[in-house]
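Grab a pencil and open the structure viewer.

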Amino acid sequence: MKLLLGKFRTVAALTVAWGVLAGGTAVGATRASADGGFTRTPPTRLARGVTYSEFRMFLPRGIVHGHLLTVDLSDPAVSVDLLHPAAVAARAPVSELADDRDAVGAVNGDFFDISEAQHPEAEVTGSSVGPAVASGRELKAAVPDGQRFGPALPPGATTKDVLAVGYDHRARLDRLTLRGTVRSHEGSWPLRGLNQYALPQGGIGAYTARWGAVSRERAVCGTDTDRGAGCDTDTAEITIRHGRVAHAAAHPGTGVIERGSVVLVGREQGARRLRALHLGERVFISHRLVARLPGRLRCAVGGFPVLRHGRPAAGLDTVAVTMRTSIGIADRGRTLLLMALDGEKGKHQTGLTVRELAGLMSRLGAREAMDLDGGGSSTFVTQDPYGEAKVRNHPTVERERPVANAVGVFSSVEGIPRGGSPEE
């Protein structure tokens, strides 16, 4: 339940700010800069350590209109976390995710499994592509590079890439790799998946209660290089309950996974290894996401880097134009920039290529930046004066698209924490 104080804490002050949010032309609002076809409104304070502004960039093909949250991570009142539905294999609108956690603002997150037209036998999972960490808890690992949705990865990028925020209140670009083991008296084998919609060929993946009730059939479809390849038939599924094999099946199943239980799904060699296990046999499973950089992570969201050390990444696409969502890092990790473009029709507005997105994020002050899901998923949310989450941009689809996750921003009110973990 939301705190009433959070609902009505500064209604009078925010009413002026709301004029900027709703129309971008509240009395007293002026263009802060006009340099080379780029304009930006002065920042408006939404909460302690969080400001909002709009910008417009004028290109020969149209106007790029965007929304920006600037987040001061060095302020102890401010925090950032990954917003997500109750299950990994589920989707929800960003406004709903933000409202549930009383977030000051939010943007949509990672690319996700949005369609299975190539695998009609497999249920669409809605699960994200990359690793996900929320409130310090590891939700899932990354699918193989060839199984991802979204634009082509630039050279050197991988589905393991994340933008992460640590408990040290610093943001960073990092890479999270799954390290895990399945061990029994039959042998010890590497665990190559955690709550993923796609498993590597020959691998074994673990599915926990956090996965949800969606069928696990999609896990054995496609290959490491071709998402559209057919679904494997050399498969096995084992349910481990209280540390022992409780059930075995020839194919991935569906339904809720009980807390304390783990379902192992294997394909090809991984399936043959699972078939060697016997009912009642003790099995030990371990897994963790290992970062390249030190420090415990509070949250992490998948995407791919477009800006490193103030320079665009090599090989970024220069052709496809669409609405974009991005998250940038400035001031050596102390400042976070959440940006989404606007797709309002009839305003001669245009999107950006990925290469142009890198230039925009640099212009907004970022030294590093990550491309998040775009197009119809691009969503920018802030609280209105009454504490309700409202979509500020105009998504390119008719209504707000449900997504796999979002990045949420929180700010305490007079020392009262907001936006705690739903499990806390």
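**Exercise 1. How many disulfides does a search of the whole structure find, and which cysteines are joined?**

Step 1: the search turns up one disulfide, counted as a pair of cysteine sulfur atoms within 2.5 Å. In general, a disulfide is a covalent bond between the sulfur atoms of two cysteines.

Step 2: the partners are C221 and C231, with an S to S distance of 1.9 Å. The torsion about their S-S bond is about 95°, so this disulfide is right-handed.

Step 3: C221 and C231 both sit in the loop between β14 and β15, 10 residues apart. Both cysteines are buried, where buried means under 20% relative accessible area, exposed over 50% and partly exposed in between, with a 1.4 Å probe and protein chains only.

A word on the model before going on: it is predicted, so local features need pLDDT of at least 70 and side-chain atom pairs count only at pLDDT 80 or more, while totals for chains, interfaces and linings use all residues. Residues are numbered from 1 along each chain as its sequence is written, and side-chain values use heavy atoms, leaving out hydrogens and water.

**Exercise 2. Is T225 buried or exposed?**

Step 1: find T225 in the loop between β14 (204-207) and β15 (235-241). Strands here are DSSP runs (E, at least two residues) and helices are runs of H or I (at least four), numbered from the N terminus.

Step 2: read off the accessibility. T225 has 72% relative accessibility, so T225 counts as exposed.

Step 3: check a residue from elsewhere in the sequence. Q201 is 24 residues from T225, and their C-alpha atoms are 9.8 Å apart.

**Exercise 3. What is the strand order in the open sheet of five strands, and which strands stand at the edges?**

Step 1: the order is β6-β27-β7-β25-β26, with antiparallel pairing. Two strands pair if DSSP finds at least two bridges between them.

Step 2: β6 (78-83) and β26 (389-391) are the edge strands, each with a single partner, so one side of each has no neighbour in the sheet. Neighbouring strands are turned by 20° against each other on average, direction ignored.

Step 3: follow the bridges. β7 (residues 105-108) pairs with β27 (residues 406-411) over four bridges, and A106 has G408 as its bridge partner in β27. Three bridges join β7 to β25, where A106 stands opposite V381. V381 in turn has V391 as its bridge partner in β26.

Step 4: look at the β25-β26 hairpin. Five residues lie between the two strands, and G387 in the turn has a positive phi of about 85°.

**Exercise 4. Over which rings do the charged ends of R148 and R227 sit?**

Step 1: apply the rule, which asks for NZ of Lys or CZ of Arg within 6 Å of the ring centre and within 35 degrees of the ring normal.

Step 2: the charged end of R148 sits over F111, 5.4 Å from the ring centre. For R227 the ring is that of F149, at 3.8 Å from the centre.

Notes
Axes are lines fitted to C-alpha atoms, for helices over the stretch in contact, and angles run from 0 to 180 degrees between N-to-C directions.
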